[in-house]
Amino acid sequence: MRREHSHTLTESNVLTPETDRDPAEVCSVARSTIDLGVGDAQAMLDQAEGTVIAFSLHRLRIIRTNLAAQLLTGYSPELLLGCHLVDLVQADERDQLLASLSALRDGKTSEARLRFHLPVRNGGSAEVHGRVRLVHLPSQPLPCFVAFLHRVPPATALEQQVLDERGRAQQILENLHDGVIECDLVNRRHVYANARFCELVGMSVDQVLSAPWPGPWWGPETRAAITAFSDPAWHDQRADDADDCLDAEQTLSRPDGTTLPVRVNICAIERSASTLAIALVHDLSRAHARDDELATARRELALVTDRERIARNLHDTAIQRLYATGLHLQSALNRNDIDERVWKAIDEIDEIIREIRTSIFTLQVPRTLLEGLERAVRSTVAEAARVLGFQPQLSITGDLDMVPSDVAYEVLAVTRELLTNIAKHASARHTWVAVAHDVHGVTLTVTDDGVGYQPVAGRAGRGVGNLLARAQAQGGTCVMSPYEPSGTTVSWWVPLDASCTPAQFEVAP
């Protein structure tokens, strides 16, 4: 160990500089060591985190150490007692040590950080680091310094620790169910991709890492976000609270031409020498499949409900009326007015046939829906002519084949129900059907010139309750209003844009 004044540490004497040492001070140190009670020693040792060295406030002489100091240096605590702390520090470390202790003693800081070399018995030194505090002991009039030290591991041990931590982190990333990819935004290249990400994009690790930046698999929104993150001007001009993250649903493109719905979370991280973008990719295909199954179940439930309602109508109207007609014909036997009764029965049977045709029309499954909503609507309106007795006029605006399947099914079901209600109740001579589609939503308007809209107090009106329920299930609404000079207009609307609300819906004149 290097010192300005050389001396040796032996079993019989204490390490001291060659300068004269005040015998009274040595006796004082010895007495303070003896006078420290068990409680004082415990007060220091309770805060111990490794090696503990206590030394006096002004003289900087060691007054107590713990067993860890003996294990570290190879010297017993008795040999270290009374030693000047500065003499245990290499010459090039003393100034920094004294400056730290002076700041602590003057109250400029509550804790000082230390890093120096302690002598060890084999002639070398052990590098230690830690902190030093001022501690007030009950038996001492002045506080003392107490240093809590740890040995600095060798460089090889630190490197191994870093490697172990990296290995654990990579093992976690490789076992994630979500895909992870890391991009160097400064050099514009991919630096890491876990196995799950490679599986999602259908490429090998080498193919992903060598792929053109920012990646052929991203959608336009993600490509724009990553490009913005990599622009130095964007980082210089952005506000402190700017959002450096992206959270969006999109579609991943694969080399084989297939796509995969995913949710992407991307976060930009700035480092001293680089800026990284880390993307977490979650597969949504199963979630979308569950949503499709749920939509199918809802459609099947709605179909079952409609069939039960129509079955009740057939039982309550057609069958009962047929039974009554049979009784009427039976009572006409052997009567003089048999011709009149027969003609009435024939008219009644014709009306019943019309009702049965209407019910069959309502029960028909929209087979053409798989070929597009527009064709299905045209087919439904054409079939309605059989129960209405005339051909409704149809107007279509926009591309109906772009309407999502769950909304398309509802549009077709509502169209059938409205035409059925007109055939049953309106006694109309003309009917107009208009279907419009735009980026905001789908609007179905059905107008007739029949007997008119006559709401009943406390009731929603003819079938409007069911129509409204269908619309509200999709976030839309349904409005029924009179048509001048006579008749009814029903406007049914469902949004396709999440930002649109029923309050923004306006009934077409």
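How many disulfides does the rule count? I applied the rule that a disulfide is a pair of cysteine sulfur atoms within 2.5 Å, and the count came to 0. The model is predicted, so I note that local features need pLDDT of at least 70, that side-chain atom pairs count only at pLDDT 80 or more, and that totals for chains, interfaces and linings use all residues. Residues are numbered from 1 along each chain as its sequence is written, and side-chain values use heavy atoms, with hydrogens and water left out.

**Cysteines.** Cysteine 198 counts as buried because its relative accessibility is 7%. Cysteine 500 also counts as buried, at 14%.

I took helices (H or I, at least four residues) and strands (E, at least two) as DSSP runs, numbered from the N terminus. Two strands pair if DSSP finds at least two bridges between them. On this basis I recorded an open sheet of 5 strands in the order 11-12-13-15-14, with mixed pairing. Its edge strands are strand 11 (393-397) and strand 14 (477-482), each pairing on one side only. I noted an average twist of 10° from one strand to the next. Strand 11 pairs with strand 12 (residues 431-437) in the parallel sense over 5 bridges, and serine 395 stands opposite alanine 434 of strand 12.

**Helices on the sheet.** For directions I used axes fitted as lines to C-alpha atoms, for helices over the stretch in contact, with angles from 0 to 180 degrees between N-to-C directions; contact means heavy atoms within 4.5 Å. Helix 13 (residues 373-388) lies across strand 11 and strand 12 and runs at about 165° to strand 11. Helix 15 (residues 464-473) packs on the sheet, touching strand 14 and strand 15 (488-495), at about 145° to the direction of strand 14.

**Helix 13 in detail.** I checked its length against the expected span, 1.5 Å times one less than its number of residues. The 16 residues should span 22 Å, and the end C-alpha atoms are 22 Å apart, which agrees. I listed its buried residues, among them Leu373, Val377, Val381 and Leu388. Glycine 389 follows helix 13 and has a positive phi near 90°.

**Hairpin.** Glutamine 250 stands opposite valine 262 in strand 9. The two strands form a hairpin with 5 residues between them, and glycine 257 in the turn has a positive phi of about 95°.

Methods
Buried means under 20% relative accessible area, exposed over 50%, partly exposed in between (1.4 Å probe, protein chains only).
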